[in-house]
Amino acid sequence: MQQLILDSNTWLLVLTGAGVSAESGVPTFRGMDGLWENHPVEDVASPQGFVKDPLLVWRFYSQRRAAAASVQPNPGHAALAAWERHLGDRFLLATQNVDGLHRRAGSERVVEMHGTLFKTRCSKCQRAPFEDTTVYPAGTVPGCRECGGILRPHIVWFGEYLDPADMKKIESFAYRGSTSGGRFVFLAAGTSGVVYPAAGIVDRVREAGGETWLVNLDPAENSGRFEYNVTGKSGEVLPKLAKLM
Ligand SMILES: NC(=O)c1ccc[n+]([C@@H]2O[C@H](COP(=O)([O-])OP(=O)(O)OC[C@H]3O[C@@H](n4cnc5c(N)ncnc54)[C@H](O)[C@@H]3O)[C@@H](O)[C@H]2O)c1
Ligand SMILES: [Zn+2]
């Protein structure tokens, strides 16, 4: 296996997707066949779906919350946390996962691009999103104690925009890394390369002269655009991939 050298000259941006949590027992979209209890995932993970049936949406997210809380980070998560301890501020992790496993494994410089299962916000007022680990009983929809509106998961649903502040953090890290005079590396793991803008980061990095790595179990939609492709499970590949110097 090719080795990824992480030395004092290296800046590293990592992008993870559902595949990184698969070995922890969190199903990927493909693993679920795009369905939850026979509902297309788009029906339970979109603003339209929430307007139509908030009970169903909360049942889906309460179930995912409980499931994510009951599994453990795997060696892939742990490897990324170790790389961060080594690189410090020259490391940033952008994740499309909402399961909280990176933070539980010790990652701190994390941008949760698609939100998190463990926060809730109001669908009506501007109250800030808040920590919430409650698994709401089926048949209930939590209400906002400030405005009486209904609460929703703090998740970026299909058809919704990513938080511009998150995108800015990623862009400014990539800018600092690629103008640092050092070596800028982008590594994506466990992501199918279909969902934009995440799937386009590889192209931005190449334009800026960065090095690009993909660790994935199956060929991703954008595999051909990475310089280095490592095929395998992230929980097995990541712990062996880097040489910390
Ligand atoms: N864990 C989670 O939080 C979770 C789970 C399912 C879906 N999602 C959401 O689904 C969207 C789908 O995009 P995506 O690209 O993240 O997921 P995806 O399900 O579309 O693709 C997962 C990719 O991971 C690969 N993979 C599967 N097991 C792997 C392993 N052990 N090691 C390495 N690679 C493995 C697959 O080959 C696939 O290409 C995202 O927006 C995300 O928010 C999140
Ligand atoms: Zn409110």
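**A walk through the model**

Let me start with Val26, which sits in the loop between H1 and E3. Before going on, note that this is a predicted model. Leaving out residues up to four places away in sequence, Val26 touches Ser21, Val71, Asp99 and Leu101. Gln72 is 46 residues from Val26 in sequence, yet the C-alpha to C-alpha separation is 9.7 Å.

Two of the names on this first slide lead to the ligand. Helix H1 covers residues 19–22, and Asp99, a contact of Val26, is also among the residues that come nearest to ligand 1.

So, on to the ligand. Which residues come nearest to ligand 1? They are Gln96, Asp99, His114, Ser192 and Asp218, out of 26 residues around it. Sorted by class, that shell holds 13 polar, 7 nonpolar and 6 charged residues. Helix H1 supplies the largest share of the shell, with 3 residues.

In the side chain of His114, an N or O atom is 2.7 Å from an oxygen atom of ligand 1. On the nitrogen side of the ligand we have backbone atoms: an N or O atom of Leu217 lies 3.3 Å from a ligand nitrogen, and one of Gly19 lies 3.5 Å from a ligand nitrogen. How much of the ligand does the protein cover? On its own, ligand 1 has 860 Å² of accessible area, and the protein covers 92% of that.

Next, the sheets. One is an open sheet of 6 strands with parallel pairing, in the order E6-E5-E2-E10-E11-E12. Its edges are strand E6, residues 110–112, and strand E12, residues 228–231, and each of these pairs on one side only. Direction ignored, neighbouring strands in this sheet are turned by 15° against each other on average.

At the E12 end, strand E11, residues 211–216, runs parallel to E12 and is joined to it by 4 bridges. Within this pairing, Trp213 stands opposite Tyr228 of E12. Helix H7, residues 164–178, lies across E2, E5, E6 and E10. The angle between H7 and E2 is about 150°.

The other sheet to mention is an open one of 3 strands, ordered E8-E7-E9, with antiparallel pairing. Strand E8, residues 130–131, and strand E9, residues 151–155, are the edges, each pairing on one side only. Strand E7, residues 115–122, has 4 bridges to E9, and the two run antiparallel. Take Thr120 as a case: the bridge partner in E9 is Pro153. Helix H4, residues 54–69, packs on this sheet and touches E7 and E9, with its direction at about 140° to that of E7.

Where is the cis peptide bond? A cis bond joins Tyr196 and Pro197, with omega at about 5°, and Pro197 is placed in the loop between E10 and helix H8, residues 201–207. The other detail is Glu37, which has a positive phi of about 45° although it is not a glycine. Glu37 is found in the loop between strand E3, residues 35–36, and strand E4, residues 39–40.

That is the tour. Questions, please.

Conventions
Residues are numbered from 1 along each chain as its sequence is written. Chains are lettered from A and ligands numbered from 1 in the order in which they are written. This is a predicted model: local features need pLDDT of at least 70, side-chain atom pairs count only at pLDDT 80 or more; totals for chains, interfaces and linings use all residues. Side-chain values use heavy atoms; hydrogens and water are left out. A residue is near a molecule or strand if one of its heavy atoms lies within 4 Å of it. A polar contact is a pair of N or O atoms within 3.5 Å; within protein, one must be able to donate a hydrogen and the other to accept it, and residues adjacent in sequence count only if both atoms are side-chain atoms. Accessible areas come from the Shrake-Rupley method with a 1.4 Å probe; for residues, only the protein chains shown count as cover. Ala, Val, Leu, Ile, Met, Phe, Trp, Tyr, Cys and Pro count as nonpolar, Asp, Glu, Lys and Arg as charged, and the others, Gly among them, as polar. Two strands pair if DSSP finds at least two bridges between them. Axes are lines fitted to C-alpha atoms, for helices over the stretch in contact, and angles run from 0 to 180 degrees between N-to-C directions. Contact means heavy atoms within 4.5 Å.
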